[in-house]
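Here is a friendly walk through one protein chain, from its overall layout to its side-chain pairs. Please keep the structure open beside the text as you read.

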Amino acid sequence: MSVTALLAEQPAGHPYATLPHTSEIILGLVAFALLGFVLYRYAWPNVVSSHEDTKKQIESGIARAEAMEADAKAELARSRERLAGVDGETARIRDDARADAERIGQDMDRRAQEEADRIVAQGRQSVEASRSRTVSDLRAETGHRSVELARRIVESSLSDDASRGASVDRFLDELEAMGAGTGGSGSTDGAGTRGNGAQA
């Protein structure tokens with residue numbers, strides 16, 4: 001009997017008018033069990049395998065990420081070590097440059113002082129040589145004029161006393177004029193000589 005005939009036989013107000021027949025329920029359960037078995041036997045292993053593969057891929061990805069993170073941390077540590085080494089090298093180079101600059105500055109100061117001392121020494125030598133030449137020339141000129149004065153005095157001594165005194169005064173005036181060029185020392189000598197001449 002079909003389901004349509006069974007429903008038609010039930011009265012309209014019967015509470016089980018919409019329920020299927022027992023055979024249909026059993027058939028449905030058997031079909032569902034068969035479908036579940038087929039799914040469990042053939043489809044479920046594929047699902048589990050796919051799930052395991054996905055899980056393994058995820059775990060592998062996590063492992064690779066952890067390895068990469070460890071490598072990154074190690075590289076970061078090495079980079080920090082290198083950076084610390086670079087900082088130390090930079091500090092050493094800076095200290096060496098500062099020391100070199102100080103040494104060069106001291107060397108330049110020393111050379112400048114030596115050059116200044118050499119120039120001063122040369123200037124002193126030049127001044128001393130010039131003064132020596134000037135004194136020597138003045139002494140020679142004074143000696144020459146003294147000899148000339150003595151000669152004239154001796155010549156004038158042969159004349160009278162008045163002309164001798166005038167000649168002595170004139171020659172002493174010449175010596176005073178010459179002594180004024182030597183810094184005034186000749187004026188004192190001239191005065192002494194004039195006094196001696198006057199006494200003569």
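The report below covers the fold, the core, a surface patch and the salt bridges.

This is a predicted model, in which local features need pLDDT of at least 70 and side-chain atom pairs count only at pLDDT 80 or more, while totals for chains, interfaces and linings use all residues. Residues are numbered from 1 along each chain as its sequence is written, and side-chain values use heavy atoms, with hydrogens and water left out.

**Overall layout**

Let us begin with the whole chain. It has 4 helices and 0 strands, and from the N terminus the elements run α-α-α-α. Helices here are DSSP runs of H or I with at least four residues, strands are E runs with at least two, and both are numbered from the N terminus. Of the 200 residues in the chain, 6% are buried; buried means under 20% relative accessible area, exposed means over 50%, and partly exposed lies in between (1.4 Å probe, protein chains only). The accessible surface comes to about 15,800 Å², and carbon and sulfur atoms hold 60% of it. Such areas come from the Shrake-Rupley method with a 1.4 Å probe, and for residues only the protein chains shown count as cover. Among contacts (heavy atoms within 4.5 Å), those with a separation of 6 or more include 24% between residues 24 or more positions apart.

**The core**

Now look for the largest nonpolar core. It consists of 5 residues: Leu149, Phe171, Leu172, Leu175 and Met178. Helix α3 (residues 161–180) gives the most to this core, with 4 residues. A nonpolar core is a set of buried Ala, Val, Leu, Ile, Met, Phe, Trp, Tyr and Cys residues joined through side-chain atoms within 4.5 Å. In soluble globular proteins, nonpolar side chains tend to be buried together. Leaving aside neighbours within four places in sequence, Met178 is in contact with Glu141, Thr142 and Arg145.

**A nonpolar patch**

Turn next to the surface, where Leu34, Phe37, Val38 and Tyr42 make a nonpolar patch of about 430 Å². Patches are made of residues with over 30% relative accessible area and no salt bridge, with like charges joined within 9 Å and nonpolar side chains (Val, Leu, Ile, Met, Phe, Trp, Tyr) within 5 Å. Val38 sits in helix α2 (residues 22–157) and is partly exposed, at 35% relative accessible area.

**Salt bridges**

The chain has 13 salt bridges, each defined as a side-chain nitrogen of Lys or Arg within 4 Å of a carboxyl oxygen of Asp or Glu. Side chains of opposite charge can pair when their charged atoms come close. Here are three of these pairs, with their N to O distances.

| Salt bridge | N to O distance |
|---|---|
| Glu69 and Lys73 | 3.6 Å |
| Glu75 and Arg78 | 2.5 Å |
| Arg131 and Glu128 | 2.8 Å |

Glu69 and Lys73 are 4 residues apart in helix α2, so about one helical turn separates them. Glu69 is partly exposed, at 43% relative accessibility, whereas Lys73 is exposed, at 54%.

Glu75 and Arg78 also lie in helix α2, 3 residues apart, or about one turn of the helix. Glu75 is partly exposed at 35% relative accessibility, and Arg78 is partly exposed at 39%.

Arg131 and Glu128 both belong to helix α2, again 3 residues apart, about one turn. Arg131 is partly exposed, with a relative accessible area of 46%, and Glu128 is partly exposed at 41%.

Finally, Asp107, Arg110, Arg111 and Glu114 are linked in a network of salt bridges.
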